[in-house]
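Colleague: I am new to this one. Please show it to me, and then I will ask how you know what you say.

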Amino acid sequence: MSGRLATILSVLCLAAAAAIGISLMLGSVPVSPVDVGTVLTGGGDPLHQALVLELRLPRTLAAFATGGLLAVAGALMQVLLRNPLADPYVLGISGGAAVGALLSMLAGLATAVVSGAAFAGALLSTLLVFGLAHGTGSWTPVRLLLTGVVVAAGWGALISFILAVAPGAELPGMLYWLMGDLSHARHPGPAWIVLAIVVLLAWPLGRSLNVLARGALQAAALGVSVRPLEWIVYLLAAVLTATAVTLAGTVGFVGLIVPHMLRLVLGNDQRIILPAAALAGGILLTLADTLSRTVIAPQQLPVGVITALLGVPVFLYLLHRSR
Amino acid sequence: MSEPLLQLEDLVIHIPGRPDGSALRFEVRSGQCWGILGPNGAGKTTLLHTLAGLRAPRSGGVRLNGRKLGGIPRRDVARQTALVFQDHHDGFPATVLETALIGRHPYLRPWDVESADDMAMARAALQQVDLAGLESRLVGTLSGGERQRLAIATALTQDPRLFLLDEPVSHLDLHHQVAVLEIVRKRVSKGCAAVMSLHDVNIAARHCDHVLLLYQDGGARWGPVNEMLQLQVLERLYAQPLVQGEAGGAPVFVPKG
């Protein structure tokens with residue numbers, strides 16, 4: 001187990017370094033690998049320094065962190081709800097964040113405030129679903145799922161309302177935010193810290209999650225305290241998702257597809273899937289973001305468009321050839 | 001006299017919408033194999049889940065090794081008690097070996113990974129239930145009987161003192177019925193105990209030493225197998241006329257039809 005984990009993580013780390021390198025090289029002015037290396041070690045000419053360190057590096061790191069956060073959140077949600085269709089947004093966290101972000105855009109507030117409002121909205125939605133699903137009766141994944149889906153539908157209606165009444169000039173920014181957009185992501189530091197902490201916290205839960213994936217009763221019979229574990233997983237997934245949407249808006253697809261791709265290739269041990277998802281999600285979104293800003297340059301695409309265009313065929317292929 | 005593993009203290013199980021049944025008051029000692037017989041819906045599964053601590057009783061209590069079940073951490077319960085469920089849900093794809101290995105879960109700390117010993121226990125358990133060749137097969141591809149034997153193997157890997165088995169021989173062919181019951185019998189003779197719900201009276205007659213009868217109306221009777229398995233008693237239990245015969249030294253009951 002540990003040997004296999006080490007091998008998988010080493011391979012993914014190399015791929016991650018390669019993805020980040022490619023992202024730093026490509027753009028309106030290509031920078032050679034050697035020049036990227038020189039700049040990263042503190043040298044190089046001022047143009048390259050400005051391009052790589054000030055423009056591309058923050059955005060690349062933000063893309064990587066967002067992808068990692070969403071993929072781990074998706075993997076946790078799928079186990080929590082025992083439902084392969086679950087993604088980080090299924091319980092309405094992204095809807096709450098979107099309403100917060102769009103309202104502050106409507107009020108014409110600064111980018112930092114938009115991010116803060118998105119985080120507040122995500123938190124509000126998490127607590128709302130938590131409180132409502134808790135209710136008075138028994139607590140089941142189906143009840144949590146239904147509560148989340150209905151709350152998400154409520155947020156969806158509010159989003160449509162805001163879009164309908166928003167002035168035309170605001171609409172492109174709002175739509176980009178809804179589709180997921182990294183062009184304003186400048187401070188990836190906190191997201192990396194959240195990702196690292198959550199993966200470290202979740203790893204020891206991995207074996208319990210493997211048991212939980214087989215059903216609450218079976219898990220309880222094998223000594224798992226099911227209720228506390230489920231709430232911990234829910235809160236971890238909520239924190240990951242809130243952090244991701246605050247940084248980059250609602251980037252779709254990564255959280256659904258990356259855990260499944262990994263399960264198809266690596267099996268279903270959460271102790272491998274969770275750290276692998278952090279890396280693979282990061283790699284996918286870094287590459288997708290690189291494409292989104294180069295493919296029809298100088299125009300930029302929302303990264304969510306690319307993740308879906310890339311992810312759909314790859315996933316369908318893996319699904320088709322799996323046992 | 002051997003020590004009591006499980007003590008039922010005026011236990012009344014909770015079945016929503018049903019009035020209180022008889023209070024159960026007996027002990028399951030190491031070396032004993034109990035069969036639970038009764039018609040559909042009499043509460044056999046609910047009782048087993050209550051004995052495993054997965055459901056709260058309506059009243060009364062259960063002691064495991066002398067300690068009140070509700071006060072024992074789940075992990076400690078899982079080291080002493082294995083429960084084989086009647087239905088098996090496999091959320092995400094997993095292999096046969098991985099599924100048997102989860103029996104080691106209660107023994108491992110959060111940051112531990114399964115050791116070579118744990119693997120050896122899982123492999124030995126799979127060997128015992130005739131699944132040795134299928135270790136890397138996905139559970140979803142197994143037949144109903146193979147899936148049932150895998151659940152038994154997981155319980156064996158869990159290495160408990162007390163086996164709670166909900167219809168352990170359902171889906172099994174005749175050879176594997178006998179084989180699984182022999183495995184349980186062997187563990188029981190080494191100081192474990194087993195409580196199993198059964199729909200086949202004749203298996204209880206042959207493999208159990210004590211029997212608990214649960215009636216549709218919530219009533220209950222229990223005692224040594226030869227005292228309990230009487231023609232009139234069973235006819236009342238199942239509300240079905242029966243014919244009694246004998247085979248291999250044990251009574252055989254067949255529905256009169």
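Modeller: Helices (H or I, at least four residues) and strands (E, at least two) are DSSP runs, numbered from the N terminus. Read along the sequence, chain A then goes α-α-α-α-α-α-α-α-α-α-α-α-α-α. The tally for chain A is 14 helices and zero strands. This is a predicted model: local features need pLDDT of at least 70, side-chain atom pairs count only at pLDDT 80 or more, and totals for chains, interfaces and linings use all residues. Residues are numbered from 1 along each chain as its sequence is written, with chains lettered from A and ligands numbered from 1 in the order in which they are written.

Colleague: What makes chain A agree with a compact globule?

Modeller: The radius of gyration, taken over C-alpha atoms, is set against a rule: 2.2 Å times the number of residues to the power 0.38. For 323 residues the rule gives a value near 20 Å; chain A has 20 Å, so the two agree.

Colleague: How do you know which residues of chain A touch chain B?

Modeller: Two residues are in contact if their C-beta atoms, placed from the backbone, lie within 7 Å. By that test, 22 residues of chain A are in contact with 23 residues of chain B. On the chain A side, α10(A) gives the most, with four residues.

Colleague: What does Val72(A) contact, leaving aside neighbours within four places in sequence?

Modeller: Its partners include Val198(A), Leu240(A) and Gly281(A).
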